[in-house]
Structures are given as C-alpha cells and as structure tokens.
Amino acid sequence: MLVDNKTLSKGNAFLVLAKSGYQSRLLPIIPPGAGLAPGTRMTAASIGKGPGIRSEGGWTGFSKWQAHPTTDTDLALWHSWGASVGIRTGDGLLALDIDCTDPALWEKIRPVLAKHLGELSRFPE
C-alpha cells in the first residue's frame, strides 16, 4: 500500500501508517538534528537512521526493538517526541528507499525499476 509523503506530513504519521496496516512494524527513529543522551552507545551516524527512545537527557538506542510489540500508546508517545517513523521489514515486507529529488532523473530511473519491481509511485510532491 502506498502512503505518500504529503499524507504523512499531515498529523501523526504513526497513526496514518498504523491505519494502513503497519502498526506491528512501526518504530521510533531518532530524528535528524536530535541530541544524543550522555553515555548512549548511539553515534551521530545513527541520528535520522536508528531506532531510539527519547529521555530528558536526549536520545538513546531502543534496545530489543526487533521484538517490541507496538501499541496505540506507543504511537501517540513517539509522535509527541517528534520521532521519525521507521518500519520493520522482513516477513514478506521489502522496501527500497530511493532519495531522488530531481523529477527528470526520476523519470529515467522509474521505468528501469518498474521493469524489475513492478509499478512505482509517482515523483514525491
């Protein structure tokens, strides 16, 4: 199921994705620009990429995130933290993240990907 960036940017992206059937796969990701808590083993390279938990001192790693059962309470809490949204893959769910901001380049890439992967979303708005 395709959920576009425009839809996700309005309101709580965790809730939008949960309603689209992804609740059990959702995770809080340390948002870009976030500060890390003193003593955390997370590194600056994890910011914007790794699962994390927000505390008073900053962000730390999210231990055992692979097995965490995501609840409705989690969705509201993670949104209130300003966490970015992560989706666990595996068990039949595959994802491909293509960061292309050039519409002309996207139109060249899209047919090649569609040939091998099936139809893809339009260029992000």
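**Close-up views of a predicted model**

Of the protein's 125 residues, 28% count as buried. The model shown in each view is predicted.

**View 1. Overall fold of the protein, with four helices and four strands.** Read from the N terminus, the elements follow the order α-α-β-β-β-α-β-α. The accessible surface comes to about 8300 Å², and carbon and sulfur atoms account for 56% of this area. Among contacts between residues at least 6 apart in sequence, 42% link residues at least 24 apart.

**View 2. The largest nonpolar core, a set of 15 residues.** The members that touch the most other members are F14, Y22, L26, W59, L75, W78 and A83. Two or more residues of this core are given by each of α2 (13-22), β1 (26-29) and α3 (72-81). Helix α2 provides the largest share, four residues.

**View 3. Surroundings of A83, one of the core residues that touch the most other members.** With neighbours within four places in sequence left aside, A83 is in contact with F14, P28, I29, P31, W59 and W78. Among these partners, F14, W59 and W78 are also listed with A83 among the core members that touch the most others.

**View 4. A nonpolar surface patch made by L96, I98 and L117.** The patch covers about 290 Å². Is L117 buried or exposed? L117 has a relative accessibility of 55%, and L117 therefore counts as exposed, the cut-off being over 50%.

Methods: Residues are numbered from 1 along each chain as its sequence is written. This is a predicted model: local features need pLDDT of at least 70, side-chain atom pairs count only at pLDDT 80 or more; totals for chains, interfaces and linings use all residues. Side-chain values use heavy atoms; hydrogens and water are left out. Patches are made of residues with over 30% relative accessible area and no salt bridge: like charges are joined within 9 Å, nonpolar side chains (Val, Leu, Ile, Met, Phe, Trp, Tyr) within 5 Å. Accessible areas come from the Shrake-Rupley method with a 1.4 Å probe; for residues, only the protein chains shown count as cover. A salt bridge is a side-chain nitrogen of Lys or Arg within 4 Å of a carboxyl oxygen of Asp or Glu. Buried means under 20% relative accessible area, exposed over 50%, partly exposed in between (1.4 Å probe, protein chains only). A nonpolar core is a set of buried Ala, Val, Leu, Ile, Met, Phe, Trp, Tyr and Cys residues joined through side-chain atoms within 4.5 Å. Contact means heavy atoms within 4.5 Å.
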